[in-house]
Amino acid sequence: MNHDIPSTAEPIRKLIQELNKLPGIGPKSAQRLAYYLLRAPDEQSSLLADAISSVKRQVTLCSTCFNVTDSDPCLICASEERDRSNICIVEQPQDILALEHTRIYQGLYHVLHGAISPTEGIGSDDIRIKELLERLTSSPPDEVILATNTNLEGEQTAMYLHRLISPLGIKVTRLARGLPFGTELEYADDVTLTRALEERQEF
Ligand SMILES: [Zn+2]
């Protein structure tokens with residue numbers, strides 16, 4: 001028996017199928033979104049379609065910090081207001097969003113685009129560590145804050161970076177242990193993140 005619903009028009013079926021591939025969107029939600037878009041005003045669905053197609057076309061990586069950006073250097077690296085003596089190291093661009101949301105951190109960032117994970121075959125050469133070292137050597141900050149996730153991969157990465165960076169004479173700190181083990185920065189709440197930043201400890 002065919003479990004596909006033959007009465008569903010092909011374009012709708014296709015939209016449901018694509019939405020279902022998004023993280024956190026199960027088949028039911030995909031269906032609901034598809035029918036919502038179908039009923040929505042033309043303008044709304046074309047704005048969404050445009051936003052989706054331009055995100056890949058117009059967004060690139062900052063050549064200094066590797067944050068996602070539509071201008072290079074990114075707004076944070078280019079800003080005169082930021083404190084250049086601090087560089088906060090995160091795994092993913094969305095971690096910057098979480099930290100910026102606390103409004104407490106005024107320094108710069110560096111995005112690794114991953115974490116070291118021997119089990120998944122991700123080594124130090126597969127993430128932006130070489131670029132980080134070049135940056136730290138050419139314009140050394142006073143402090144590097146390791147804000148990788150508090151899971152196994154994040155801790156391994158933090159330890160590895162600490163070994164690499166401390167011989168450069170730069171102070172290395174780690175977000176305070178207020179963050180429970182297994183926390184992904186992206187999902188941490190503002191209060192917890194603010195405390196973790198304020199109470200960061202020397203590695
Ligand atoms: Zn940047």
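This report describes the zinc site, the sheet with its packed helices, and several single residues of a predicted model.

**Zinc site**

The zinc ion is held by four protein donors, the SG atoms of Cys62, Cys65, Cys74 and Cys77, which lie 2.3 Å from the ion. The angles among the four donor atoms run from 104 to 115°, and the site is tetrahedral. For comparison, the ideal angle for four tetrahedral donors is 109.5 degrees. Along the chain, the donors follow the spacing C-x2-C-x8-C-x2-C.

Cysteine 74 counts as buried because its relative accessibility is 2%, and cysteine 77 because its relative accessible area is 9%, where the cut-off for buried is under 20%. A search for disulfides across the whole structure finds zero.

**Residues around the zinc donors in sequence**

Aspartate 72 and proline 73 are joined by a cis peptide bond, with omega about 0°. Proline 73 belongs to the loop that runs between strand 2 (68-69) and helix 4 (75-78).

Phenylalanine 66 sits in the loop between strand 1 (60-61) and strand 2. Its phi is near 65°, which is a positive value in a residue other than glycine. With a relative accessibility of 9%, phenylalanine 66 counts as buried.

**Sheet and packed helices**

Five strands make up an open sheet with mixed pairing, in the order 4-3-5-6-7. The edges are strand 4 (107-111) and strand 7 (201-202); each has a single partner strand, so one side of each has no neighbour in the sheet.

Strand 4 pairs with strand 3 (residues 83-90) in the parallel sense, over five bridges. Within this pairing, valine 90 has valine 111 of strand 4 as its bridge partner.

Two helices that pack on the sheet are helix 5 and helix 6. Their contacts and directions are set out below.

| Helix | Residues | Strands touched | Angle with the direction of strand 4 |
|---|---|---|---|
| Helix 5 | residues 93-101 | strand 3 and strand 4 | about 155° |
| Helix 6 | residues 129-138 | strand 3, strand 4 and strand 5 (143-146) | about 150° |

Asparagine 86 is placed in strand 3. The residue counts as buried because its relative accessibility is 12%. Leaving out residues up to four places away in sequence, asparagine 86 touches Tyr105, Gly107, Leu108, Pro141, Glu143 and Arg200.

Arginine 103 occupies the loop between helix 5 and strand 4. Its phi is near 60°, again a positive value in a residue other than glycine. Arginine 103 counts as exposed, because its relative accessibility is 71%, whereas phenylalanine 66, with its positive phi near 65°, is buried at 9%.

Conventions:
Residues are numbered from 1 along each chain as its sequence is written. This is a predicted model: local features need pLDDT of at least 70, side-chain atom pairs count only at pLDDT 80 or more; totals for chains, interfaces and linings use all residues. Side-chain values use heavy atoms; hydrogens and water are left out. Donors are N, O and S atoms within 2.8 Å of the metal (3.2 Å for Na, K and Ca); water is not among the atoms, so sites may look incomplete. Four donors count as tetrahedral if all angles lie between 85 and 135 degrees; four count as square planar and six as octahedral if opposite donors are over 155 degrees apart and all others between 65 and 115; anything else is irregular. A disulfide is a pair of cysteine sulfur atoms within 2.5 Å. Buried means under 20% relative accessible area, exposed over 50%, partly exposed in between (1.4 Å probe, protein chains only). Two strands pair if DSSP finds at least two bridges between them. Helices (H or I, at least four residues) and strands (E, at least two) are DSSP runs, numbered from the N terminus. Contact means heavy atoms within 4.5 Å. Axes are lines fitted to C-alpha atoms, for helices over the stretch in contact, and angles run from 0 to 180 degrees between N-to-C directions.
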